[in-house]
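User: Please take me through the classifications that apply to this model. I would like each label set against its criterion.

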Amino acid sequence: MTAIAQALEETIGRLDPARAKFLEELVRDAISRAENVEPNGSDKEWPLGFFEKTAGAFANEPFERPDQGKYPAREGW
């Protein structure tokens with residue numbers, strides 16, 4: 001077992017269940033991100049699975065554009 005794996009296991013063992021679960025989720029997210037990074041370090045593309053994870057995220061949100069007011073009056077040329 002690597003030192004980081006051992007430190008993670010010990011830390012999770014010391015934490016209360018809610019914090020241990022939170023840490024585990026952070027680590028799983030970091031692993032997922034590391035697996036989906038392009039080897040050349042390109043960050044100009046959408047991460048793998050981005051659209052699948054975000055599609056419909058705002059489906060139940062009511063969007064309303066507030067009144068934008070009137071344009072200020074300007075002097076003529």
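Predicted model: local features only at pLDDT ≥ 70, side-chain atom pairs only at ≥ 80, totals over all residues.

User: What radius of gyration does the chain have, and what would a compact globule of 77 residues have?

Analyst: The chain has 23 Å, whereas a compact globule of 77 residues would be near 11 Å. The C-alpha trace spans about 75 × 35 × 25 Å along its principal axes. Buried residues make up 3% of the 77 residues. The accessible surface comes to about 8,000 Å², and 56% of it belongs to carbon and sulfur atoms.

User: Why is the pair of Phe50 and Phe51 called edge-to-face?

Analyst: The structure holds two aromatic pairs. In the pair of Phe50 and Phe51, the ring centres lie 5.1 Å apart and the planes stand at 85 degrees. Rings pair if their centres lie within 6.5 Å, and planes over 60 degrees apart count as edge-to-face.

User: What makes Phe50 and Phe51 partly exposed?

Analyst: Phe50 has a relative accessible area of 30%, and Phe51 has 47% relative accessibility. Buried means under 20% and exposed means over 50%, with partly exposed in between. Each value falls in between, so Phe50 and Phe51 are both partly exposed.

User: How is the pair of Phe58 and Phe63 classified, and are these residues buried or exposed?

Analyst: Phe58 and Phe63 are 5.9 Å apart centre to centre, with 65 degrees between the planes. The angle is over 60 degrees, so this pair is also edge-to-face. Phe58 and Phe63 are exposed.

User: Where is Leu23 placed, and what is in contact with Leu23 beyond its neighbours within four places in sequence?

Analyst: Leu23 lies in helix H2, which covers residues 17-35. With those sequence neighbours left aside, Leu23 is in contact with Leu8, Thr11, Ile12 and Leu15. Thr11 is twelve residues from Leu23 in sequence, and their C-alpha atoms are 9.0 Å apart.

User: How many positive and negative side chains does the chain have, and how far apart are the centres of the two sets?

Analyst: There are 10 positive and 15 negative side chains, and the centres of the two sets lie 5 Å apart.

Note on methods. Residues numbered from 1 in each chain as written. Heavy atoms only, no water. Helix = DSSP H or I, 4+ residues; strand = E, 2+ residues; numbered from the N terminus. Contact = heavy atoms within 4.5 Å. Phe/Tyr/Trp six-rings, centres within 6.5 Å; stacked < 30°, edge-to-face > 60°. Buried < 20%, exposed > 50% of the residue type's maximum accessible area, 1.4 Å probe, protein only. Rg over C-alpha atoms; globule rule 2.2 N^0.38 Å. Areas by Shrake-Rupley, 256 points an atom, 1.4 Å probe, with all protein chains shown as cover. Lys, Arg positive; Asp, Glu negative; His and termini not counted. Charge placed at Lys NZ, Arg CZ, Asp CG, Glu CD.
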